[in-house]
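Thank you all for coming.

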Amino acid sequence: MTEVRFDTEDVVDVRFAVSPLWETVAGLWAVGEPERHAVHLPWSRPARALLRRPELARRVAPLRDLVGPGSCLPDFLTPPPVSALGEIEQELAVVAATPADRVRAELAGGPASPFARQLATDVPGRLPELVDAVRLWWRAAVEPHWPRMRALLEADIAHRTRQFSAGGVRALFGGLHPGARWAGDRLVVDDRLDTVLGLGGRGLPLLPSVFADRCVLLTSSATAPPVAIYPARAVGTLWERQEISPDGLARLLGRSRARVLALTTSPSTTTQLAARTGLSLGAVSQHLGVLRASGLVTGHRYRHEVHYTATEFGAALLDRSQPDGAGALEAI
């Protein structure tokens, strides 16, 4: 069991963030353990095929060596994002600037894999190889799908923010995962560890993740910045889209509007919906306006974008429009 103790300043400094670096690193776990991450098979199968390309496999090898089965992920590889919506190059710059003493100390706490031993011996020479490996894996396997991943993560943050506004810290932490709860002045996570961590005024960034299947506290020492990872909502919709049959809802709403509604089963922006439907931005905006006015779709603004998601009413209509209540799902 892990306990995270909060001071008053820590509670005030709880914040949400999105980390493309974390998703890039964690994606390798999903590729390496497909039975544990079956929901991601539509993505992990082609991603695994990418790793069979000799040149990419060679250059990504340093990262795979640290993220392999039985590995203990060093904290410096997944630092907290410097902004709410992390940028991969910003995060990689933080990794590249990790002091050599910290790199060696965190590697000493885990299994001595071949690259880990090389990195500990020559941090200035080997750390750039690790950064390059992460960057290449990001570009090959994650970046093409990042708009969809990011939309889902931002929709989760919008939900948690409303949850926090309605029920405070207890409701927020109690809703992250069945194994997490708020107890007095601390967050308690049911896991296999026996750890008590005092935040000491550092606050706690909360990162929703498409690849996490449990709550994870990323810190192994009092000097490493704490980060809490939790599973994002609606991950089951990430790699699927629902096709409307010629009958049912399509006859009620019109084929184009029904298709827009079907694609909001996963959070999507106007631009993403236009790309997936082949409709113009103006046409998509018009359809969304009607769907929102009808209570079928809701929108949540994050920075300069609005993400649209089917409401419970809209989702129920989609389910009932399909035979036996089952949608015809087509993997992306």
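**A helix residue and a sheet**

Let me begin with Leu-127, which lies in helix H8, residues 123-142; helices (H or I, at least four residues) and strands (E, at least two) are DSSP runs, numbered from the N terminus. Before going on, please keep in mind that this is a predicted model, in which local features need pLDDT of at least 70, side-chain atom pairs count only at pLDDT 80 or more, and totals for chains, interfaces and linings use all residues. Residues are numbered from 1 along each chain as its sequence is written, and side-chain values use heavy atoms, with hydrogens and water left out.

Is Leu-127 buried or exposed? Leu-127 is buried, at a relative accessible area of 4%, where buried means under 20%, exposed over 50% and partly exposed in between, with a 1.4 Å probe and protein chains only. Leaving aside residues up to four places away in sequence, Leu-127 touches Phe-76, Val-95, Ala-96, Thr-98, Leu-119 and Asp-122, contact meaning heavy atoms within 4.5 Å. Of these, Ala-96 is 31 residues away in sequence, yet the C-alpha to C-alpha distance is 6.6 Å.

Now to strand S4, residues 186-189, where Arg-186 and Val-188 point one way, Leu-187 and Val-189 point the other way, and all are buried. In a regular strand, side chains alternate between the two faces of the sheet. Strand S1, residues 2-5, runs antiparallel to S4 and is joined to S4 by 4 bridges, pairing being counted if DSSP finds at least two bridges between two strands; here Thr-2 stands opposite Val-189. Strand S3, residues 180-183, also pairs with S4 in the antiparallel sense over 4 bridges, with Arg-181 opposite Val-188. S3 and S4 form a hairpin with 2 residues between them, and Gly-184 in the turn has a positive phi of about 70°.
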